[in-house]
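Thanks for coming. I will keep this short and stay with one model.

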Amino acid sequence: MATFFVHRAEDDTQVVKLEKPCITLGRRGDNDIVLEDIYVSRKHAAVEKRGVFYYIRDEHSRYGTFVNGARVTETRLDYGDEIQLGNTVVTFVDENKLDQVPSPRKPARLIGAKIDVPAKIDSIRKAIRESTGEDNILRTLSEIESHFKQYEENLAEVEKIKEIASTLCEVGKIINFVFDLNVLLNLLMDLAIKILQARRGFIMLYDKASNTLKAKVARNMGGVLDPEKTHDISQSIAWQAFKTAKSINTEDATKDERFMTQESVISYAIGSVVCVPLISKENERIGVIYLDNPVAQKKFDRDDIDFMSSFSNQAAIAIENAQLYEKVKEEERIRERLQRFFSPGVVSEIMSDKRTVALGGEDRTATILFSDIRGFTSLTERIPTITSVEILNDFLSSMSEEVFAHEGTLDKYIGDCVMAIFGAPVAHPDDALRAIKTALGMKKRVEELRERWRNKIDASMLEVFEIGIGIHTGEVIAGNIGSIKRMEYTVVGTAVNLASRLENVAKRGQIIISRSTYACTKEFIEAKQLPPVELKNISRPVEVFEVTGLKT
């Protein structure tokens, strides 16, 4: 079995057998091999077994990974290779040579030109005592030693800052390519808990409608998370961080006068807490990230707070992007649904002004068109079912296209009948004329359909395939009508019933309009007046006109 000899300080060599298919080396405690070297990154390198060979991969470390003196990104290891990570040397050997443990080796290249300052100063002290023993020189050396210690502490601090920046960079690469808000929030929660080694945590987002913070994801909060029931969550800490837009930290909430009386603090013996606000690019507060540990566990230090402040900035941008993405996707879904009933121009107007299709109803003047195939039921009895379905779909699609071409609203299909509205939800000055142009266009499309269907239907049947159209202009109630679970945009009223009745009396190929529609369009259409007709449920005879074309 392959083995690592990890050469540590003071002639200490650690023997590590590579029993796992993949191991990690780094300064952080969750690595398989932990290297206590300030020049080793938190997660410095990984070794992976592929077949019979082992490969080492640098994990974007600050000071690099070297094999036999050469810096590598990834390379195959051979027995006897010397690996340098920071100022630590690791030898890769075969387990059969465990009895030949080499002496601890010094790194081929020292990072940071680090020297053993204490040893050198001790040797100077000894020499001085044996010779002059002058106190002032010893005092000077003590000061030098103090300065060097401070230098090493500062160097370690710089390295820690660089590691935080590196971690944030990696986090940014991950979270900024996740656009599903729920997935993103769970990823952020898990990253925050893992990096800070927290016991519990939650993310709350601000809801403008209710002016409250609502919990979206949580870890170890007890039971199933319910955004409406957050008694186990420290609302006051979260709300304070949100309102002030400042991070809140305490080493022991049970002794902090600000929080010690809170029910959640007492129930869960909450010790260390860090809560940071989520602030968008436009400097708007959008929520908070909260983490805590019980009294007996790890306390969050200044580095943890600094890290979370930077982490929350990235998180806020990612959350905002995900929310925007969801909004765009929702608008796309709405647009797709609207395009089934409205023309593209009407859809654009509706999307730009949501009030156009308000809940409930409103009084409007609209022109209603009904178009129906004459004798379709008897036709379906003489042709195969699959053919009748194909013909009906072809017919309805063609009629709908004509409605949309004149920016009308496709209200519904009633079997082989099409109902269209002109003037709702978006009105035009010439809605009545648009309806008539649509009717004339429908007649022309039926002629085109007959030519297209000659290979599907017998010619004798095609000759009798025709539509009748009824059009009326009047007052209607337009809006989203139905139940909570099933609601659709439509129009209701006497004007709708009258248009339907006119379609019933229209003969094959006829376009019948009421006097109100004729009055709106007489300057633009060719029409002849027909005798008044008796319509079902209409008390008096109705004046009607047959449209024959448009004036040139």
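I will take the sheet and its helices, then the cores.

This is a predicted model, so local features need pLDDT of at least 70 and side-chain atom pairs count only at pLDDT 80 or more, while totals for chains, interfaces and linings use all residues. Residues are numbered from 1 along each chain as its sequence is written, and side-chain values use heavy atoms, with hydrogens and water left out.

The sheet is open and has five strands, in the order 13-12-16-15-14, with antiparallel pairing. Helices (H or I, at least four residues) and strands (E, at least two) are DSSP runs numbered from the N terminus; two strands pair if DSSP finds at least two bridges between them. Strand 14 is joined to strand 15 (residues 270-279) by three bridges, and Thr250 stands opposite Val273 in strand 15.

Helix 3 (residues 181-196) packs on this sheet, touching strand 12 (200-207), strand 13, strand 15 and strand 16 (285-294). Contact means heavy atoms within 4.5 Å. The direction of helix 3 makes about 65° with that of strand 13; axes are lines fitted to C-alpha atoms, for helices over the stretch in contact, and angles run from 0 to 180 degrees between N-to-C directions.

Now the cores: buried Ala, Val, Leu, Ile, Met, Phe, Trp, Tyr and Cys residues joined through side-chain atoms within 4.5 Å, where buried is under 20% relative accessible area (1.4 Å probe, protein chains only). The largest has 36 residues, and Trp453 and Ile513 are among those with the most contacts inside it. Apart from it lies another core, of 31 residues, including Ile193 and Ala316.

Terms used: Buried < 20%, exposed > 50% of the residue type's maximum accessible area, 1.4 Å probe, protein only.
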